[in-house]
Amino acid sequence: MSRREGFDPQNTLFGSDKRKLAEWIMAPVEGDITEVPGVGPKTKDVLADAGITTTYQLFGQFLSLKSVDCSGSVELCDRFYYYLENIGTPAGYRSTIVQAVACKLDASYPGLYDSEMFPTD
């Protein structure tokens, strides 16, 4: 299996267990940044250093990367992935955070995340 550069939906903590992802999508948002799958103590500290201390602020950062020149789900998720990389979040959790945020927001803003746009091996 080859890995793609940037966000890789095959490299998340959800793996093939889409039930966990569905539970996250359906759960209410409380605002505590650690409620986001993939955000643990280290990532929480890195995000705080970047001025992001709540789930809502993390959602806002994701949404701020969606512009008129953004070509769709793949580009938006890659932009967020590289943002997380640039601020120094742990590599092993980036794709999980991207997928969690993208799928959660897609429930409210359809079209932000389309799993069919990512190739599978």
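Helices in this account are DSSP runs of at least four residues, numbered from the N terminus.

The confidence of the prediction is considered before the details. The protein chain has an average pLDDT of 90, and 95% of the residues score at least 70. Among the elements of the chain, helix α2 (residues 41-49) has the highest mean pLDDT, 98, and α1 has the lowest, 92. Where pLDDT is low, the predicted coordinates should not be read in detail.

T55 has a relative accessible area of 0% and is therefore buried, the limit being under 20%. Its side chain forms a polar contact of 2.7 Å with the side chain of E35. Leaving aside neighbours within four places in sequence, the residues in contact with T55 are V29, G31, D32, I33, E35 and V36.

Not counting residues up to four places away in sequence, F80 touches L58, Q61, F62, L65, I97, V98 and V101. Between F80 and L21 the separation is 59 residues in sequence and 18 Å in space, taken from C-alpha to C-alpha.

The structure holds three aromatic pairs. A pair of aromatic rings is described by the distance of the centres and the angle of the planes. For F80 and Y83, the ring centres are 6.4 Å apart and the planes meet at 10°, so this pair is stacked. The two residues are separated by about one helical turn, because they are three residues apart in helix α4. Both F80 and Y83 are buried. A further pair, Y81 and Y82, is edge-to-face, with 5.5 Å from centre to centre and 85° between the planes. Y81 has a relative accessibility of 12% and therefore counts as buried, whereas Y82, with a relative accessible area of 33%, is partly exposed. F62, F80 and Y83 form one aromatic cluster. F62 is also listed among the contacts of F80.

Charged side chains are placed over two of the aromatic rings described next. R94 lies over the face of Y81, at 5.7 Å from the ring centre. The charged end of K104 sits over the ring of W24, and its distance from the ring centre is 4.7 Å.

T12 is located in the segment before α1 (18-26). With a relative accessibility of 12%, T12 counts as buried. The side chains of T12 and Q99 are joined by a polar contact of 3.2 Å. When neighbours within four places in sequence are left aside, T12 is in contact with F7, S95, T96 and Q99.

D69 is found in the loop between α3 and α4. Its relative accessible area is 55%, and D69 is therefore exposed, for which the limit is over 50%. The side chain of D69 takes part in polar contacts with the side chains of S67, at 2.2 Å, and of R79, at 3.4 Å. Beyond residues up to four places away in sequence, D69 touches E75 and R79. R79 is accordingly listed both as a contact of D69 and as a partner in a polar contact with D69.

Methods. Residues numbered from 1 in each chain as written. Predicted model: local features only at pLDDT ≥ 70, side-chain atom pairs only at ≥ 80, totals over all residues. Heavy atoms only, no water. Buried < 20%, exposed > 50% of the residue type's maximum accessible area, 1.4 Å probe, protein only. Polar contact = N/O pair within 3.5 Å; in protein donor to acceptor, adjacent residues only side chain to side chain. Contact = heavy atoms within 4.5 Å. pLDDT = per-residue confidence, 0-100. Phe/Tyr/Trp six-rings, centres within 6.5 Å; stacked < 30°, edge-to-face > 60°. Lys NZ or Arg CZ within 6 Å of the ring centre and 35° of its normal.
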